[in-house]
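Please examine the sequence and the model together before reading on.

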Amino acid sequence: MSASSPAAVIVLAAGEGTRMKSRTSKVLHELCGRSMLGHVLAAARELDPGRLIVVVGHRREQVAAHLAEHVPAAEPVVQERQGGTGHAVRTVLDQVGALTGTVVVTNGDHPLLRGETLAELVRTHETEGNAVTVLTTDIPDPTGYGRLVRGADGSAAAIVEHKDATPEQRAITEINVGMYVFDGALLAGALKRVTTDNAGGEEYLTDVVAILRGDGHRAGAFKAADWVETQGVNDRVQLAQARRQLNDRILEAHMRAGVTIVDPLSTWIDVEVTAEPDVVIHPGTQLHGRTHLAEGAEVGPHSTLTDTLVGADAVVANTVCVEAEIGPEATVGPYAYLRPGTRLARKAKAGAYVEMKNAVVGEGSKVPHLTYVGDAEIGEGSNIGASCVFVNYDGVQKHRSVVGDHVKVGSDSMIVAPVTIGDGAYTAAGSVIVKDVPPGAMAVARGRQRNVEGWVERSRAGTPAAEAARRAREGSESEQFR
């Protein structure tokens, strides 16, 4: 039996998160390409809920803006004061009205939770006909957690907090994770009966479980097999741990799909990155955003790619790329920087210490080394010599240059935009090209060389250079008299 779509998923994200010691809302701290809240919402959306509701409070403006940008379908509900989990859910019902059907309550600081785990929780709830179903897990060290005490029929008989547990109950390793599925029609009434008669003076959802069970309704529990995915994040140490655990999960999925990751310990991949079989990822590589690696591509070592497309059998080494497109069989690096708008065609090359921005490089064209190409279009089969600069900025506006097919741009040339170099043309090394070059022409734009004989010995007397020049001159003179 598959789980039906719940009427609503409520995500609790109003807490202050003081242990993060941050001006950023705790749930907005990022790992593997999404905020913590973003990971929770992605899992929740796998259930296809009728409504997706996020309870916001501390730094609500940040969280609401994040939702509007990334998950506009989510509805923020403001909890003016943090009065406990029960109060948060009651605030939702007060603002949006009664929710009829299955209602899931989860937390915004549990980024490792899988959508399939939430689906199993909902499926268990519906199959067993429960009024409430608690998500639990077995944890190696349950100290400090509320224990789930099961009845003889496997139902959730009670949730006992650690400080209130007997020695026998403290021996139980099954804990309450703090996520629930409720029958919406029963939830509203039970919430009205929750009190603040406890040490924290707050309203807790665990009391709703006790109330529903006391009314004769069945309370069930679904145990998550992997306790790690049920762990929340409360400080930056736990955030780093969660990031490592999530990254390991992502890397394993890629490797099982046919990707070679040479050193998983030094490789970081965001959750939305995609890669085809026979991709090779070398150590020290970071892949961010929606980067895609086509079949047979090889990336790294020590490369960082963000929102970049890498074609089949391309090679990218020791390179930083942002919003770039690298064609099939192209080569990039080492130590290259491809900025937004750069597109390399098939078998194109951006070599050592090359920077490109908003540049299009045609099939088979090469920019081998020590060159800046900005706002330019280079045709097919062309070669840009070492230490060339495409001068694209006049101090006010950016301008574009066009280099045709099979052009040879000599080393140390300056291409001052806007300018066009025609097909088959050459530029002499050291030229400053400020005018269009016709197809097939040789452009020479440099001063004529003039040698001032004896200048070093006269002007730099006593230096090693002057001494070397003297010896060479005297040696040349003696040769003339032999």
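The structure is a predicted model, in which local features need pLDDT of at least 70 and side-chain atom pairs count only at pLDDT 80 or more, while totals for chains, interfaces and linings use all residues. Residues are numbered from 1 along each chain as its sequence is written, and side-chain values use heavy atoms, with hydrogens and water left out.

The domain assignment gives domain 1 (8–230) and domain 2 (256–443); such bounds come from an automatic or database assignment. The C-alpha centres of the two domains are 49 Å apart. Across the boundary, four residues of domain 1 are in contact with four residues of domain 2, where contact means heavy atoms within 4.5 Å.

Helix H4 covers residues 115–128. Helices (H or I, at least four residues) and strands (E, at least two) are DSSP runs, numbered from the N terminus. The 14 residues of H4 reach 20 Å from the first C-alpha to the last, close to the 20 Å expected at 1.5 Å a residue; the expected span is 1.5 Å times one less than the number of residues. The buried residues of H4 include Leu 118, Leu 121, Val 122 and His 125. Buried means under 20% relative accessible area, exposed over 50%, and partly exposed in between (1.4 Å probe, protein chains only). Among the elements that cover the buried residues of H4 are helix H1 (36–45), strand S6 (102–107) and strand S7 (132–138). Just after H4, Gly 129 takes a positive phi of about 65°.

Attention now turns to the annotated positions. In an unreviewed entry, UniProt places the feature "active site" at His 369. UniProt positions are given in the numbering used here, feature names are shortened, and annotations may be inferred rather than shown by experiment. His 369 lies in strand S29 (residues 366–369) and is partly exposed, because its relative accessible area is 35%. Leaving aside residues up to four places away in sequence, His 369 touches Ala 352, Val 354, Gly 385, Ala 386 and Ser 387.

Ala 386 is found in the loop between strand S31 (383–384) and strand S32 (389–391). With a relative accessible area of 18%, Ala 386 is buried. Asn 392 occupies the loop between S32 and strand S33 (401–403), and its 8% relative accessibility is why Asn 392 counts as buried. The side chain of Asn 392 makes a polar contact with the side chain of Asp 375 (2.6 Å). A polar contact is a pair of N or O atoms within 3.5 Å; within protein, one must be able to donate a hydrogen and the other to accept it, and residues adjacent in sequence count only if both atoms are side-chain atoms.

How many disulfides does a search of the whole structure find? The search finds zero, a disulfide being a pair of cysteine sulfur atoms within 2.5 Å. Cys 32 is buried at 7% relative accessibility, and Cys 388 is buried at 0%.
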